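Visitor: I would like a close look at one strand and what surrounds it. Please walk me through that part step by step.

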Amino acid sequence: MKRQKAFSFLLALAMLFSIAGCGQTVTQQTAQTIDYAQAENWAYLETEQAGQADVFFISPTVYGGGEDSLNMPMDDQDAKESFLGAINMEKGIYDGESRFFAPYYRQAGLSVYELPAEERETYLSFAYADVRDAFLYYLEHYNEGQPIILAGFSQGADLSIRLLKDCFADEAVNDLLVACYAIGWSITEDDLEQYTHLRFATGADDVGVIVAFNSEAEEIDDSLMIPAGTHTLAINPLNWTTDSTPAGKELNMGACFTDYDGNITTEITQLTGAYIDPVRGALKVTDVSPADYPAGLSIFEDGIYHLYDYQFFYRNLQQNVGVRLDAYLAAHAV
């Protein structure tokens, strides 16, 4: 049964990553900027709803990329449909009491991650420029002093950390931060030392902090997110500790597998436990096997549970967003 559920989830993801085609290169696109005053350039633009906070969400990689188009063209409607579907798969974690904002951006294609690390930056920096433009437009025109939950997954997590380093260096903006959920990417002690306004989470209810982890099997010692010999910071979404204290699967409130409309198609309580590897900083996932939950993408080997980072811990993350928002509102009550 688990294998069948994982296959269905991966089949859905494979459809998201199937997009690759012709388009403009980065060089051809650099003269063009995206007008975020236009609603069509937002996957979600919830300006009419009421909410206790705003979620600014950055989509993960859904665009496959190709030789002529390593960044997603904004006129690729199939890509934008997949983009929206990928957001929907995580949206339910964040938007219970908040307005939701998610810009379309010219994200780097999956094929960029097959390039040497030093060659990727051209395409990722280009993607980040769009995200920064969108966030600054949101901040000026829509925020109106609302608390901000910054969130992303995979490439979206990478770009959310870049946004945190950049725009949240402003003290007034940083004071709006409930938390940054940068799931599926790395943040290091060196980052915190270089950008002194950054703080990593130490518990379940601290605010203005980064929440991050990368899931993998116990035998994994190298990955795109955590290369061998490196260490990343992590917090365990089951017991909200940053040390290697194991969390048993009884703490897992529910692994949820969702479709592209955000509907939970399968929910499994107490699916897996987890602990943080003190050497790598990876979140080591117990009680499941790579055979039941294969990696699903060519850039990962089986045992790297990157595609399941949100899915395995869905209910715990959903609850924690509410806990941190309540803590923020209490701390900022007049």
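Guide: Strands β2 and β3 run parallel and are joined by four bridges. Two strands count as paired if DSSP finds at least two bridges between them. Strands here are DSSP runs of E with at least two residues, helices are runs of H or I with at least four, and both are numbered from the N terminus. This is a predicted model, in which local features need pLDDT of at least 70 and side-chain atom pairs count only at pLDDT 80 or more, while totals for chains, interfaces and linings use all residues. Residues are numbered from 1 along each chain as its sequence is written, and side-chain values use heavy atoms, with hydrogens and water left out.

Take one bridge to begin with. V55 has F100 of β3 as its bridge partner. Between the two strands, the chain leaves β2, passes through helix α3 (residues 77-94) and reaches β3; this β-α-β crossover is right-handed. Right-handed means that, with the strands pointing away from the viewer, the path from the first strand over the helix to the second runs clockwise.

β2 also pairs with strand β4 (residues 148-153). Five bridges link β2 and β4, and these strands run parallel too. Here D54 has I148 of β4 as its bridge partner. Strands of a sheet pair through backbone hydrogen bonds, either parallel or antiparallel.

Now look at the side chains. A53, V55 and F57 point one way from β2. D54, F56 and I58 point the other way. All of them are buried, meaning under 20% relative accessible area; exposed means over 50%, and partly exposed lies in between (1.4 Å probe, protein chains only). Six of the six residues of β2 (residues 53-58) are buried, so the strand is largely enclosed by the rest of the structure.

Next, go to R99, in strand β3 (residues 98-103). R99 counts as buried, at 7% relative accessibility. Its contacts (heavy atoms within 4.5 Å) include A53, D54 and V55, leaving aside neighbours within four places in sequence. Y142, N143 and Q146 are also among the contacts of R99. With Y142 there is a further detail: a polar atom of the R99 side chain lies 2.8 Å from the backbone oxygen of Y142.

Key
A polar contact is a pair of N or O atoms within 3.5 Å; within protein, one must be able to donate a hydrogen and the other to accept it, and residues adjacent in sequence count only if both atoms are side-chain atoms.
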